[in-house]
Amino acid sequence: MAHQSPHLKVPLRGELLAKLSQRYPSVDPVAIDTLNTLKSVSQDMSDRLSDRLGEHGLTEGKFFVLAYIFMEDLAGHPSPRPSEIADNVGVTRGTITGLLDGLERTGMIERCADPTDRRVLTISMSEKAKAFLDDFLPLVGALMQPLVTDALAPDEQGQLLALLTKLETHLRSR
């Protein structure tokens with residue numbers, strides 16, 4: 001059963017979009033339609049990922065924590081601190097504590113004293129987490145990739161990525 005999060009499922013097109021424009025003349029209807037569609041596509045992809053993660057007893061939040069630690073490890077960076085994980089995953093420090101507690105309970109991560117400062121904890125993935133990611137990442141890639149490649153030609157994929165990157169850069173600069 002698909003995970004359902006609250007989001008607008010009514011397409012804001014045609015007559016409805018025209019009515020919105022009439023009621024609020026300063027609102028750009030194309031921008032609203034674009035953002036609504038982007039949110040809907042993002043949520044649908046998130047729901048698919050959540051369904052697969054649920055089969056393994058994980059949430060998206062825990063998965064993104066593992067993915068961040070994995071990427072830091074791949075880049076050759078030292079084990080991150082909880083605050084660094086929170087900042088890069090986009091959650092609060094309180095939320096990261098709960099996510100890390102859950103991952104530690106299931107044996108996916110280990111909290112370690114920083115070798116340079118014993119008051120500081122760093123987080124590393126366990127062998128169990130590495131084995132899970134080695135199995136899961138190719139599966140999620142196989143699940144998500146066709147959603148893009150079946151709908152868009154290669155040049156369209158590049159255009160979409162460029163436009164989304166431009167939008168992301170603009171939003172982060174504000």
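Predicted model: local features only at pLDDT ≥ 70, side-chain atom pairs only at ≥ 80, totals over all residues.
Trainee: Which residues of H2 and H3 meet?

Mentor: From H2 come Ser 46, Leu 49, Ser 50 and Leu 53; from H3 come Glu 60, Phe 63 and Phe 64. Contact here means heavy atoms within 4.5 Å. The residues of this contact divide into 4 nonpolar, 2 polar and 1 charged (nonpolar: Ala, Val, Leu, Ile, Met, Phe, Trp, Tyr, Cys and Pro; charged: Asp, Glu, Lys and Arg; polar: the others, Gly among them).

Trainee: How many aromatic pairs are there?

Mentor: A pair of aromatic rings is described by the distance of the centres and the angle of the planes. Rings of Phe, Tyr and Trp (its six-membered ring) pair if their centres lie within 6.5 Å; planes under 30 degrees apart are stacked, over 60 edge-to-face and the rest tilted. The count here is 3 aromatic pairs. In one of them, Phe 63 and Phe 136 are edge-to-face because their planes stand at 70°, with the ring centres 5.5 Å apart. Phe 63 belongs to helix H3 (residues 60-74) and Phe 136 to helix H6 (residues 127-149), so this pair ties together parts that are 73 residues apart in sequence.

Trainee: Are Phe 63 and Phe 136 buried or exposed?

Mentor: Both Phe 63 and Phe 136 are buried (under 20% relative accessible area; exposed is over 50%, partly exposed in between, with a 1.4 Å probe and protein chains only). Phe 136 also forms a stacked pair with Phe 132, at 5.0 Å centre to centre and 15° between the planes. Phe 132 and Phe 136 sit 4 residues apart in helix H6, about one turn of the helix, and Phe 132 is buried too.

Trainee: Which residues do the ring pairs link into a cluster?

Mentor: Phe 63, Phe 64, Phe 132 and Phe 136.

Trainee: How many helices and strands does the chain have?

Mentor: There are 7 helices and 2 strands, in the order α-α-α-α-α-β-β-α-α. Helices (H or I, at least four residues) and strands (E, at least two) are DSSP runs, numbered from the N terminus.

Conventions: Residues numbered from 1 in each chain as written. Heavy atoms only, no water.
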